[in-house]
Amino acid sequence: MNNSVSKYYAIMTIVIMLISCVKNREFDMPELGCSDSEFSFISISELKSLYNGETMQIHEDLFVRGYVISSDKEGNFFNTVYFQDKSSNPSEGMQIELELRDSHLFFDVGQQIVIKLKGLYLGKSNDIYKIGGVFTSFGNRSVGRLPKNVVFDHVWMSCEVNNGIEPTLAVISELNDSLLNTLIAINNVEIKQEELGRTFAVQEEETLRTLVDCLDNELIMVNSGYADFQSELLPDKMGMAIGLLTKDNNQYQLIISSKNDLVFTQERCKDLIDEFTSSSILISEIADPDNNAGARFVELYNSSDESLSLKGWKLERYTNDNFEVSSSIDLSDYEIPGKGFLIISPNAEEFKNVYGFDPDISVGTNSPADSNGDDTIVLVDPFDSVVDIFGVIGEDGSSTNHEFEDGSAVRKIEINFNNTVFDSAEWIIYNDTGGEGTINQPQNAPLDFTPVVR
């Protein structure tokens with residue numbers, strides 16, 4: 001072969017290589033063929049049952065199949081393919097870890113795949129089962145990525161026609177572990193108000209965003225900082241969210257494949273009014289026992305006949321003559337039954353030892369429930385309005401008509417409504433000084449105190 005011919009073939013080879021180069025991820029899926037051979041299949045449920053409590057290798061000549069429900073086309077999934085046992089109404093789902101970039105070109109959403117299990121590893125973390133290769137760290141094995149050179153020795157396409165996936169309809173308040181690793185759709189959700197105006201994710205950081213329904217139930221949405229839609233703003237409408245349900249630290253999470261999985265075209269939910277003020281919730285007793293500082297407490301009382309939610313309510317303490325809040329307790333998780341009480345203690349163990357029952361709320365030292373008798377205690381409603389107060393903000397209580405050091409402050413039985421201004425005439429106050437109409441009579445626990453009794 002002469003030099004000119006050799007040069008010709010060299011040039012043609014280079015041209016072919018250049019033409020063949022892939023410029024982006026939109027090229028056609030390679031022809032891998034498919035397989036419907038007769039294998040010894042087990043269900044995903046049966047596969048999970050093989051797990052013995054630690055990462056293990058599968059030695060039996062077994063196969064599992066499922067329908068692909070994730071796509072890495074837009075970069076929100078990486079080196080993981082999720083699959084479920086049926087294309088609609090699934091009962092089980094799982095994931096396989098593998099070194100395969102652009103796996104959507106090989107295993108598209110809705111495609112049934114066949115997985116040869118022999119040689120793979122089976123493990124579990126955060127209640128999620130997974131299969132793949134193996135990763136060892138400090139002698140501990142966990143499921144890792146299946147090396148790319150053996151991916152297609154274990155994972156094949158079925159010859160079944162891809163008819164797509166029908167997400168399972170779900171609501172946030174009824175999510176359960178049977179839906180893990182399956183594709184779900186949740187209607188009437190929106191991005192949490194506080195997160196509007198933000199992007200899907202912080203660049204190069206996994207980012208948690210919050211979906212919320214019209215009843216204020218929340219679901220975390222996990223977005224990759226490398227996703228194609230990372231820098232786009234979160235939608236400001238309401239609608240359907242479609243994604244894969246997973247779990248981390250006992251918290252359900254949703255992962256979408258594309259920003260188009262948030263079909264938000266409706267107006268946002270109307271504000272749910274679930275925060276109320278009331279004149280019937282009041283401070284009824286404050287305790288600073290002379291014989292045991294660990295037995296201090298604050299008692300709140302609901303004088304109405306109906307149970308009242310304390311969502312958005314706070315109890316605050318102004319220490320000595322401070323004009324700024326020294327400590328605060330969020331009462332949002334509690335409600336007080338009609339004609340009932342809420343007992344707040346800075347030392348739950350000591351409270352039970354002394355009074356014989358558990359307090360409703362246990363808080364720390366230096367909290368509003370741990371006053372030494374010369375502080376101001378304030379009850380604040382969800383709208384940041386002071387609705388009840390003991391003491392005078394900015395005035396040290398020592399030797400005043402609101403000192404209860406080594407004693408107690410008890411609301412008189414006839415007082416059934418809170419008061420935004422401190423009125424000492426509404427209280428019976430015991431202390432160790434007897435100044436300004438108070439009673440010089442130190443009180444000892446438990447005999448001189450009456451938590452949950454008026």
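Hi everyone, let me open with a question: among contacts in the protein chain between residues at least 6 apart in sequence, what percentage join residues at least 24 apart? The answer is 66%, where a contact means heavy atoms within 4.5 Å.

Some ground rules before the tour. This is a predicted model, in which local features need pLDDT of at least 70 and side-chain atom pairs count only at pLDDT 80 or more, while totals for chains, interfaces and linings use all residues. Residues are numbered from 1 along each chain as its sequence is written, and side-chain values use heavy atoms, with hydrogens and water left out.

Now, confidence. The pLDDT, the predictor's confidence in each residue from 0 to 100, averages 91 over the protein chain, and 91% of the residues score at least 70. Where pLDDT is low, the predicted coordinates should not be read in detail.

On to the overall shape. The C-alpha trace spans about 120 × 45 × 45 Å along its principal axes. The radius of gyration of the protein chain is 32 Å, whereas a compact globule of 454 residues would have one near 22 Å. That radius is taken over C-alpha atoms, and the globule rule is 2.2 Å times the number of residues to the power 0.38. The chain holds 4 helices and 29 strands, which are DSSP runs numbered from the N terminus, with helices (H or I) of at least four residues and strands (E) of at least two. Of the 454 residues, 47% count as buried. For burial I use relative accessible area: buried is under 20%, exposed is over 50%, and partly exposed is in between (1.4 Å probe, protein chains only).

Next, pockets. On a 1 Å grid over the protein atoms alone, a pocket is an open set of points where a 1.4 Å probe fits, with protein on both sides within 12 Å along at least five of seven lines, and lining residues have an atom within 4 Å of a point. Grid points are joined across faces, edges and corners, and a volume is the space filled by probe spheres set on the points.

The largest pocket has about 680 Å³ of space. Its lining counts 29 residues, and Thr-80, Tyr-82, Glu-206, Val-222 and Ile-255 are the closest to its centre. Elements giving two or more residues to that lining include strand E3 (80–84), strand E13 (218–223) and strand E15 (251–255), but E14 gives the most, with 3 residues. By class, the lining has 9 nonpolar, 12 polar and 8 charged residues. Here Ala, Val, Leu, Ile, Met, Phe, Trp, Tyr, Cys and Pro are nonpolar, Asp, Glu, Lys and Arg are charged, and the others, Gly among them, are polar.

The second largest pocket holds about 410 Å³. Glu-190, Gln-193, Val-212, Asp-216 and Asp-271 lie nearest its centre, out of 17 lining residues. What is its lining made of, by class? We find 4 nonpolar, 1 polar and 12 charged residues.

Let me zoom in on some backbone details. Asn-126 has phi near 50°, a positive value in a residue other than glycine. Asn-126 sits in the loop between strand E6 (121–125) and strand E7 (128–137), and is partly exposed at 37% relative accessible area. In that loop we also find Asp-127, partly exposed at 32%. Asp-127 and Asp-177 are 50 residues apart in sequence, yet their C-alpha atoms are 8.1 Å apart. Beyond four places in sequence, Asp-127 is in contact with Asp-177, Leu-180, Lys-247 and Asn-250.

Asp-406 is another non-glycine residue with positive phi, near 60°. Is Asp-406 buried or exposed? Asp-406 counts as buried, with a relative accessible area of 19%. Its loop runs between strand E26 (386–390) and strand E27 (408–411). Ser-408, in strand E27, is buried at 1%. Leaving aside neighbours within four places in sequence, Ser-408 contacts Ile-286, Ile-428, Ile-429, Tyr-430, Gln-443 and Phe-449.

One last stop, for those who check omega angles: a cis peptide bond joins Ala-445 and Pro-446, with omega about 5°. Pro-446 is found in the segment after strand E29 (439–440).
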